[in-house]
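Keep the viewer open as you read.

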Amino acid sequence: MPSHDRNDLGKGSLNHYRGVLVPANGRVRIRLAGSNPHQDALREIVESGASPLETAISRRSQQQEGQDAEIEVRLFTGSRVSPPVGWVPRGLEAVVDEALSRLDILGRKQRIPVEIIRKGGLYRVELLMGQTR
């Protein structure tokens with residue numbers, strides 16, 4: 001299980017969700033953890049201008065859920081899938097699993113929209129959870 005730098009732990013809160021883990025509003029985001037080692041890949045994605053960016057992750061299996069395995073995130077950049085760019089922060093795995101399930105039930109692609117931002121000179125990946133409502 002990866003251990004992340006203390007300034008690379010990701011960001012998000014279960015307080016931003018209602019009912020069955022539905023984002024409370026369209027602005028809810030989750031910042032991925034563990035993006036520091038993936039700065040080169042993130043820079044390439046940003047410089048390529050690929051858009052729209054979406055996650056390329058699958059729901060956890062029952063075994064992974066039982067082990068409380070972290071969810072590794074790759075990005076779908078339109079024509080290809082990126083190398084890993086980070087991990088869903090601890091404690092928020094169920095929110096991401098639920099969003100993928102909700103998208104599937106709604107008949108939409110199981111991809112969460114993403115924005116790559118610059119924070120403190122480093123690239124950070126933010127999942128636009130509010131857009132999965």
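## The chain as a whole

This is a predicted model. The protein chain holds three helices and nine strands, and from the N terminus on these follow one another as β-β-β-α-β-α-β-β-β-α-β-β.

The radius of gyration is 14 Å, which agrees with the value near 14 Å that a compact globule of 133 residues would have. The C-alpha trace spans about 35 × 30 × 30 Å along its principal axes. Of the 133 residues, 44% are buried. If you take the contacts between residues at least 6 apart in sequence, 62% of them join residues at least 24 apart. The chain exposes about 7,300 Å², and carbon and sulfur atoms supply 46% of that area.

## A five-stranded open sheet

Five strands line up in the order β3-β9-β8-β4-β6 to form an open sheet with antiparallel pairing. At its edges are β3 (30–31) and β6 (75–76), each of which pairs on one side only.

Look next at the pairing of β4 (residues 53–55) with β8 (residues 113–119): these strands run antiparallel and are joined by two bridges. In β8, V114 is the bridge partner of L53.

## Helix α1 across the sheet

Helix α1 (residues 39–48) lies across β4, β6, β8 and β9 (122–127), and runs at about 75° to β9. Which residues of α1 are buried? They are Q39, A41, L42 and I45. These residues cover an arc of only 160° around the axis, so they sit on the same side of α1. In general, an α-helix has 3.6 residues a turn, so residues three or four places apart point the same way.

The cover over the buried residues of α1 includes β4, β6, β8 and β9. On the face turned away from this buried side, α1 carries the exposed residues D40, E44 and E47. After the helix comes G49, with a positive phi near 75°.

## A closer look at Q39

Q39 lies in helix α1. Is Q39 buried or exposed? Its relative accessible area is 10%, and because buried means under 20%, Q39 counts as buried. Leaving aside neighbours within four places in sequence, Q39 is in contact with L122, Y123 and R124.

Definitions and conventions:
Residues numbered from 1 in each chain as written. Predicted model: local features only at pLDDT ≥ 70, side-chain atom pairs only at ≥ 80, totals over all residues. Heavy atoms only, no water. Pairing = 2+ DSSP bridges. Helix = DSSP H or I, 4+ residues; strand = E, 2+ residues; numbered from the N terminus. Contact = heavy atoms within 4.5 Å. Axes fitted to C-alpha atoms, helices over the stretch in contact; angles between N-to-C directions. Buried < 20%, exposed > 50% of the residue type's maximum accessible area, 1.4 Å probe, protein only. Rg over C-alpha atoms; globule rule 2.2 N^0.38 Å. Areas by Shrake-Rupley, 256 points an atom, 1.4 Å probe, with all protein chains shown as cover. Arc of directions from axis to C-beta.
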